[in-house]
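Grab your viewer and let's work through a few side-chain exercises together. Each one sets a task and then walks through the solution.

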Amino acid sequence: MATSSISVTIKLFAIYQEAYGVPELSWEFPPQTPVSAILDRMIAQYPHLAPWQPLTRFGINLQFVEGDRILESGDEVVLIPPVSGG
């Protein structure tokens with residue numbers, strides 16, 4: 001039996017955590033959704049995040065992945081914005 005949605009946990013850092021005011025989110029998506037759809041949804045909710053889109057890297061279950069990686073139920077996703085430090 002096919003499931004109608006998958007649930008993923010999204011860990012937020014830096015600008016993304018500032019936008020949402022929480023360290024993590026739990027969202028549902030249709031099957032076959034790429035990880036980049038998470039950032040698309042965030043930008044739809046908070047348009048001021050758009051400049052960060054081309055600079056953000058994705059991690060799933062502690063591994064860097066490309067934006068076209070398909071999400072699976074239970075995935076833990078991290079959005080990694082550019083960080084400056086000294």
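**Exercise 1.** Which residue has its charged end over the ring of tryptophan 27, and how many Å from the ring's centre is it?

Before the solution, some ground rules. This is a predicted model, where local features need pLDDT of at least 70 and side-chain atom pairs count only at pLDDT 80 or more, while totals for chains, interfaces and linings use all residues. Residues are numbered from 1 along each chain as its sequence is written, and side-chain values use heavy atoms, with hydrogens and water left out.

*Solution.* 
- Step 1: A charge sits over a ring if NZ of Lys or CZ of Arg is within 6 Å of the ring centre and within 35 degrees of the ring normal.
- Step 2: look above tryptophan 27. The charged end there belongs to arginine 41, 4.7 Å from the ring centre.
- Step 3: check phenylalanine 29 too. Arginine 41 also lies over the face of that ring, at 4.2 Å from its centre.

**Exercise 2.** Work out the geometry of the aromatic pairs Tyr20–Tyr46 and Trp27–Phe29, then say how exposed the partners are.

*Solution.* 
- Step 1: define a pair. Rings of Phe, Tyr and Trp (its six-membered ring) pair if their centres lie within 6.5 Å; planes under 30 degrees apart are stacked, over 60 edge-to-face, and the rest tilted. The structure holds three such pairs.
- Step 2: take the tyrosines. Tyrosine 20 and tyrosine 46 have ring centres 4.6 Å apart and planes at 70°, so they're edge-to-face.
- Step 3: check exposure. Buried means under 20% relative accessible area, exposed over 50%, and partly exposed in between (1.4 Å probe, protein chains only). Tyrosine 20 is buried at 16%, tryptophan 27 is buried at 10%, and phenylalanine 29 is buried at 5%. Tyrosine 46, at 27%, is partly exposed.
- Step 4: join things up. Ring pairs link Tyr20, Trp27, Phe29 and Tyr46 into a cluster.

**Exercise 3.** Find the salt bridges of the structure and trace the network they build.

*Solution.* 
- Step 1: apply the cut-off, a side-chain nitrogen of Lys or Arg within 4 Å of a carboxyl oxygen of Asp or Glu. That gives three salt bridges.
- Step 2: start with lysine 11 and glutamate 24, at 2.6 Å, N to O. Lysine 11 is in strand β1 (residues 6-11) and glutamate 24 in strand β2 (residues 24-29), 13 residues apart.
- Step 3: lysine 11 also bridges to glutamate 76, with the closest N and O atoms 3.9 Å apart. Glutamate 76 is in strand β5 (residues 76-80), 65 residues from lysine 11.
- Step 4: arginine 69 and aspartate 75 meet at 3.4 Å. Arginine 69 is partly exposed at 27%, whereas aspartate 75 is buried at 4%.
- Step 5: follow the shared partners, which join Lys11, Glu24 and Glu76 into one network.

Key. Helices (H or I, at least four residues) and strands (E, at least two) are DSSP runs, numbered from the N terminus.
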